[in-house]
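Okay, thanks for making time, everyone.

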Amino acid sequence: MDLRLQGIGHQYGSMEIMQDINLDIPAGKIVCIVGPSGCGKSTLLRIIGGLEKATSGRVIQIGEPPSESINPLTYIFQDFALLPWRTVEGNISLVLEDHGIRGSKANAIITDVLARTKLTDFRKAYPKQLSGGMKQRVAISRALAVKPAVMLMDEPLSALDSQTRELLMDDLINLWTREPFTAVYVTHNLNEAVRLGHSIVVLSRRPGKIREVVDIATPLADRKLGDVELERQQEHLWNLMREEAVEADKELIDV
Amino acid sequence: MSNSNHVTTEKTIDFRGGGFAPKSKKWLGFVVFFFILAFIEIGTRVGFISNLTLPRPSDVFTTFLELWESGLLWEHLIPSLTRLFVGASIGSSLGICVGILIGLFSLARGSLVPVIAAIFPIPKIALLPLFVIWFGIDETSKYALIAFGTFTPTVVATYGAVDNVDRSLIRMGQSFSLSWFSIVTKIVLPGAMPGILSGLRISLAIAIILLVAAEMLGAEYGIGAYILEAGSLYNLERLFTGVAILSILGVSVSATIGMVENRLLDWRT
């Protein structure tokens with residue numbers, strides 16, 4: 001299942017957040033969206049998954065999601081969004097219960113996703129007992145449990161420290177290598193973008209427009225820390241964004 | 001620093017953090033009670049507190065024992081507890097329902113919030129004669145008074161608690177296509193529970209106050225009637241026995257809510 005954004009524009013009142021965004025999200029690829037703060041990248045992600053209505057344009061689903069997919073468009077949030085009153089297991093079963101999956105069937109899915117995210121020992125733990133990295137792992141396994149056709153990731157690693165971020169990036173790459181998934185990955189961290197993105201969409205400052213789409217051919221599994229080619233790409237992205245970021249920064253002061 | 005023949009001095013940095021984190025020490029409360037009672041006891045025995053000012057705690061205790069042994073304690077306590085239970089249950093459960101409606105629907109919020117704001121400050125005791133006209137002088141008017149008195153604070157606490165539920169959790173529920181009903185029962189209600197329970201603490205204290213007020217009018221039995229009778233006879237021992245029973249009732253209610261909180265909210269730190 002592919003997604004296509006057609007002429008997406010959005011306004012809050014009279015303020016134009018983004019303008020005429022056209023983008024294809026092909027199945028099995030990770031598309032990263034980067035841009036200066038306030039360019040509407042998180043808003044765009046909410047529009048893609050139907051959590052917000054765009055003022056103009058539409059998001060089109062091309063083809064049917066796989067039949068085993070329980071929740072085709074599934075988010076992973078920056079703040080993890082785990083229910084503090086449910087255990088790890090309970091947080092995952094929450095999203096299965098509503099789709100009529102209970103008992104041994106749910107149990108099998110939970111066991112499987114926890115194993116894939118190395119959380120098997122934490123099944124009965126409460127979120128408050130877990131570190132930030134572990135909480136995000138729980139959120140990732142919850143997303144995997146509903147077998148999404150497209151994962152919509154809203155700065156999933158931004159709330160974590162840099163070591164944990166490296167570890168989780170490796171985990172995401174491993175997950176993708178074992179079983180390629182489709183994802184839209186919003187971040188302000190260019191390093192994450194060049195490590196995880198098959199293509200990287202650079203948005204301009206408000207009103208957000210697509211400035212450039214950079215494709216990176218290196219397979220995800222071969223992208224190592226300190227790779228020269230990646231460094232070059234990252235620098236290119238930063239040059240694209242630097243001006244925008246400076247201007248965006250000033251804009252906030254003007255308001 | 002600029003001094004040419006400076007001597008380097010060493011000094012431990014003074015600690016200036018800490019504090020602002022009160023912990024509850026359970027035994028301390030008992031110690032304070034003990035000292036207050038001991039002070040009054042000694043004062044009344046020695047004579048610097050006259051017997052007209054305060055009764056002796058030991059006499060109050062004897063009166064309590066007499067009440068207990070004569071079986072009158074239960075005759076007063078059971079109707080009171082029934083009134084408290086029925087009235088507070090009706091009032092707080094209706095209050096929680098209305099509070100949730102206000103928390104969830106714009107229509108309910110727009111129409112009911114001003115109404116609640118208008119009835120909240122009315123001293124419910126002042127309405128007792130009205131309730132007697134509406135519901136008669138028997139139990140129903142007492143239930144109604146207590147229910148009405150617990151209703152408004154519960155509503156206000158509940159919709160405040162619903163408003164404070166983390167919106168990102170609700171958005172998460174929607175993003176996983178949970179049904180509206182599931183979002184309310186599995187995310188909104190548990191998330192609002194801490195606020196609802198702390199609102200209940202206040203509502204139930206108000207219920208005890210109103211219980212006494214209701215029993216002062218046309219009740220033969222009940223703690224309130226007992227206190228009223230003792231008061232009109234200027235029997236201070238009995239008066240204080242009644243007051244002590246009310247205090248114990250208040251402490252037990254508060255402890256019960258504390259236990260419910262510990263059970264339901266053990267997920268909090």
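Let's start at R4(A), which is partly exposed with a relative accessible area of 34%; on this scale buried means under 20% relative accessible area, exposed over 50%, and partly exposed in between, with a 1.4 Å probe and protein chains only. Before I go on, the housekeeping: this is a predicted model, where local features need pLDDT of at least 70, side-chain atom pairs count only at pLDDT 80 or more, and totals for chains, interfaces and linings use all residues. Residues are numbered from 1 along each chain as its sequence is written, chains are lettered from A and ligands numbered from 1 in the order in which they are written, and side-chain values use heavy atoms, with hydrogens and water left out.

So what does R4(A) pair with? Its side chain meets D24(A) in a salt bridge at 2.8 Å, N to O, where a salt bridge is a side-chain nitrogen of Lys or Arg within 4 Å of a carboxyl oxygen of Asp or Glu. R4(A) sits in strand β1 (residues 2–12) of chain A and D24(A) in strand β2 (residues 15–25) of chain A, so the pair ties together parts 20 residues apart in sequence. Helices (H or I, at least four residues) and strands (E, at least two) here are DSSP runs, numbered from the N terminus. D24(A) is partly exposed too, at 43% relative accessibility.

Over in chain B, R83(B) forms a salt bridge with E139(B), the closest N and O atoms being 2.8 Å apart. R83(B) is in helix α3 (residues 72–104) of chain B and E139(B) in helix α6 (residues 139–163) of chain B, so that pair ties together parts 56 residues apart in sequence. R83(B) is buried at 5%, while E139(B) is partly exposed at 29%. Over all chains, a search of the whole structure finds 23 salt bridges.

Now the contact between the chains. It takes 24 residues from chain A and 19 residues from chain B, contact meaning heavy atoms within 4.5 Å. The area buried between them is about 1,900 Å², with carbon and sulfur atoms giving 65%; that's the accessible area (1.4 Å probe) that two parts lose on being put together, summed over both. In chain A, W85(A), D98(A) and K128(A) lose the most area to chain B, together 32% of what that side buries.

How many salt bridges are there between chain A and chain B? The count is two. In one between these chains, K186(B) meets E97(A) at 2.7 Å, N to O. E97(A) also has a salt bridge with R86(A), at 3.2 Å. And R86(A), E97(A), D98(A) and K186(B) are linked in a network of salt bridges. E97(A) counts as buried at 15% relative accessibility, and R86(A) is buried at 17%.

That brings us to α2(A), where 10 of the 10 residues are buried, so this helix is largely enclosed by the rest of the structure. Those buried residues pack against α3 (103–116) and α4 of chain A, together with α7 (167–175) and α8 (180–215) of chain B. One more stop, S141(A), found in helix α4 of chain A. At 0% relative accessibility S141(A) counts as buried, and leaving aside its neighbours within four places in sequence, S141(A) is in contact with I92(A), V113(A), L114(A), T117(A) and L119(A).
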